[in-house]
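Here is a colleague's note for someone opening this model for the first time. Please keep the sequence and the structure in view while reading.

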Amino acid sequence: MEVRQLRYLVAVADERHFTRAAAREHIAQPALSQQIRRLEEQVGLALVERTTRSVALTEAGELLVARARRILNELDAAQAELEALNGVQIGHVTVGVLHTMGPVDVSLALARFRDLHPGVELTVREQSSEELAEMLRVDELDLAFLSVTERVESHGLGLHQLVSEELVLLLSLEHRLAGRRRVRMAELAGEEFISYREGSRLRELLLAAGRSAGFEPRVTLESNESERIRRLVGRDLGVAILPRSDAERQGAEVAVAALVEPALTRDITLAWREGRRHAPAALAFLDLARETFSEGPAAPRAAPGRPSRAPGGSGRRR
């Protein structure tokens, strides 16, 4: 099998569409389809299930794509290292971010990185923490800013916490609890909640807090935008729990109260797949993000020749 065939297969897996995959790889769609068929002939198995409306991978296709991602990432990293002997000059970094980043202004890191390394292409993908963690595991992302859950923490990711932020309660100005400085979670039993969609860390924390207080929170409205959630709360359509930095920004007029019994916090953590050999551009972005956002000292680095929690291992070029 050829490297280009693996790239085409990965593009099909990502796009789930032959025409979009061909456009991404800058070739004609019939040529891409032909290469996929040749790859299937070489391995002796169907890799792609084709219908008139959609494209799906077979079990063999999923297995090969997982391996292909790592092969291609190793090749890209090797090429980037050879081309970057005199510094980080070219490359591509794909960064995952949460829907709400609280006090972490990712645009600042992106702008600083672009100023330092104008030849490096940047891509940003926005998803929930669980989705970002899975994308790291299959090498769809180089790095991600996510919030740690029990499932994220135990599955082969390097983690470096940047900030931890209090979550607070948002109420309409007409709400019966408006004006209170502190509200116990148990006092919210029976309320209608506005929250992020299922799979988000904030939704997970809301449900866990309600259950610890003896009730199941009823989410009646969903949004992935903090400002929209604030506007919905301001219209008295429900109550919400958001990071304090999002709750106190200028915008819709709402009442904000500290949440107690339990008090809640949400972290923003920089994550990567442990064991992956990252290209110099990704390592440079990791260092810059630590410098820009870390509340405390940067994560320790191993001495040369010893394992490191930082992606890329020991012996990094600077």
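1. Basis of the note. This is a predicted model, in which local features need pLDDT of at least 70 and side-chain atom pairs count only at pLDDT 80 or more, while totals for chains, interfaces and linings use all residues. Residues are numbered from 1 along each chain as its sequence is written, and side-chain values use heavy atoms, with hydrogens and water left out.

2. The chain as a whole. The chain holds eleven helices and twelve strands, where helices (H or I, at least four residues) and strands (E, at least two) are DSSP runs numbered from the N terminus. Of its 318 residues, 48% are buried, a word that stands for under 20% relative accessible area with a 1.4 Å probe and protein chains only. Among contacts (heavy atoms within 4.5 Å) between residues at least 6 apart in sequence, 72% join residues at least 24 apart.

3. Helices α1 and α2. Helix α1, residues 3-15, packs against helix α2, residues 18-25, at an angle of about 130 degrees, and their axes are 8 Å apart. That angle makes α1 oblique to α2, since angles under 35 degrees count as roughly parallel, over 145 as roughly antiparallel, 65 to 115 as roughly perpendicular and the rest as oblique. On the side of α1 the contact is made by R7, Y8, V10, A11, V12, D14 and E15, and on the side of α2 by F18, R20, A21, R24 and E25. These residues divide into six nonpolar, no polar and six charged.

4. Residue Q5. Q5 lies in helix α1 and, at 1% relative accessibility, counts as buried. Leaving aside residues up to four places away in sequence, Q5 touches Q35, I36, R38, L39 and Q42. With one of these, Q35, the side chain of Q5 makes a side-chain polar contact of 3.2 Å, the term meaning a pair of N or O atoms within 3.5 Å, of which, within protein, one must be able to donate a hydrogen and the other to accept it.

5. Residue E191. E191 sits in the loop between β7 (182-184) and β8 (192-195) and is buried, with a relative accessible area of 14%. Beyond residues up to four places away in sequence, E191 touches H175, R176, R218 and V239. Its side chain makes polar contacts with the side chain of H175 at 3.0 Å and with that of R176 at 2.9 Å.

Methods: Axes are lines fitted to C-alpha atoms, for helices over the stretch in contact, and angles run from 0 to 180 degrees between N-to-C directions. Ala, Val, Leu, Ile, Met, Phe, Trp, Tyr, Cys and Pro count as nonpolar, Asp, Glu, Lys and Arg as charged, and the others, Gly among them, as polar. Buried means under 20% relative accessible area, exposed over 50%, partly exposed in between (1.4 Å probe, protein chains only).
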